[in-house]
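Biologist: Could you walk me through the side-chain contacts in this model? I would like the criteria along with the answers.

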Amino acid sequence: CFRVDQVWPPEKFEEGAEFLESLSKSFENAHGNRLKTTYAETLVHILHPIAKTAQAEVNHPDWAKAMEVIYPRARDMMSKP
């Protein structure tokens, strides 16, 4: 079973971080309100449980890159009616 929030063993954490980075790039390149909304909802379901318990592992470069991509796109979506 694949889980993004798994931090041990390190290989599983790397896989999760790479998946999140890939998903964030797809979200960034998504066109159309319906697709962007679907990506945003998916990211909420993935990231919300992680945000509750996240510690130093989110400082990983792949996680940081993903957040740098997700945040501006989500902010732009929030500002539109």
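Modeller: Gladly! Buried means under 20% relative accessible area, exposed means over 50%, and partly exposed lies in between (1.4 Å probe, protein chains only). This is a predicted model, where local features need pLDDT of at least 70 and side-chain atom pairs count only at pLDDT 80 or more, while totals for chains, interfaces and linings use all residues. Residues are numbered from 1 along each chain as its sequence is written, and side-chain values use heavy atoms, leaving out hydrogens and water.

Biologist: Is phenylalanine 13 buried or exposed?

Modeller: The cut-off for buried is under 20% relative accessible area. Phenylalanine 13 has a relative accessible area of 9%, so the label is buried.

Biologist: How many aromatic pairs are there?

Modeller: Rings of Phe, Tyr and Trp (its six-membered ring) pair if their centres lie within 6.5 Å; planes under 30 degrees apart count as stacked, over 60 as edge-to-face and the rest as tilted. By this rule, the number of aromatic pairs is two.

Biologist: Which residue forms an aromatic pair with phenylalanine 13?

Modeller: The pair is stacked, at 6.2 Å centre to centre with 15 degrees between the planes. It links distant parts of the chain, 50 residues apart, from helix H1 (residues 10-29) to helix H3 (residues 61-79); helices (H or I, at least four residues) are DSSP runs, numbered from the N terminus. The partner, buried at 4% relative accessibility, is tryptophan 63.

Biologist: Is the pair of phenylalanine 27 and tyrosine 39 stacked or tilted?

Modeller: Phenylalanine 27 lies in helix H1 and tyrosine 39 in helix H2 (residues 33-53), so the pair ties together parts 12 residues apart in sequence. Phenylalanine 27 is buried, at a relative accessible area of 1%. The ring centres of phenylalanine 27 and tyrosine 39 are 6.3 Å apart and their planes are at 50 degrees, so the pair is tilted.

Biologist: Which residue forms a salt bridge with lysine 25?

Modeller: Side chains of opposite charge can pair when their charged atoms come close. A salt bridge is a side-chain nitrogen of Lys or Arg within 4 Å of a carboxyl oxygen of Asp or Glu, and the count comes to one. With the closest N and O atoms 3.7 Å apart, the partner is glutamate 21.

Biologist: Is glutamate 21 buried or exposed?

Modeller: Lysine 25 is partly exposed at 42% relative accessibility. Glutamate 21, with a relative accessible area of 13%, is buried.

Terms used:
Helices (H or I, at least four residues) and strands (E, at least two) are DSSP runs, numbered from the N terminus.
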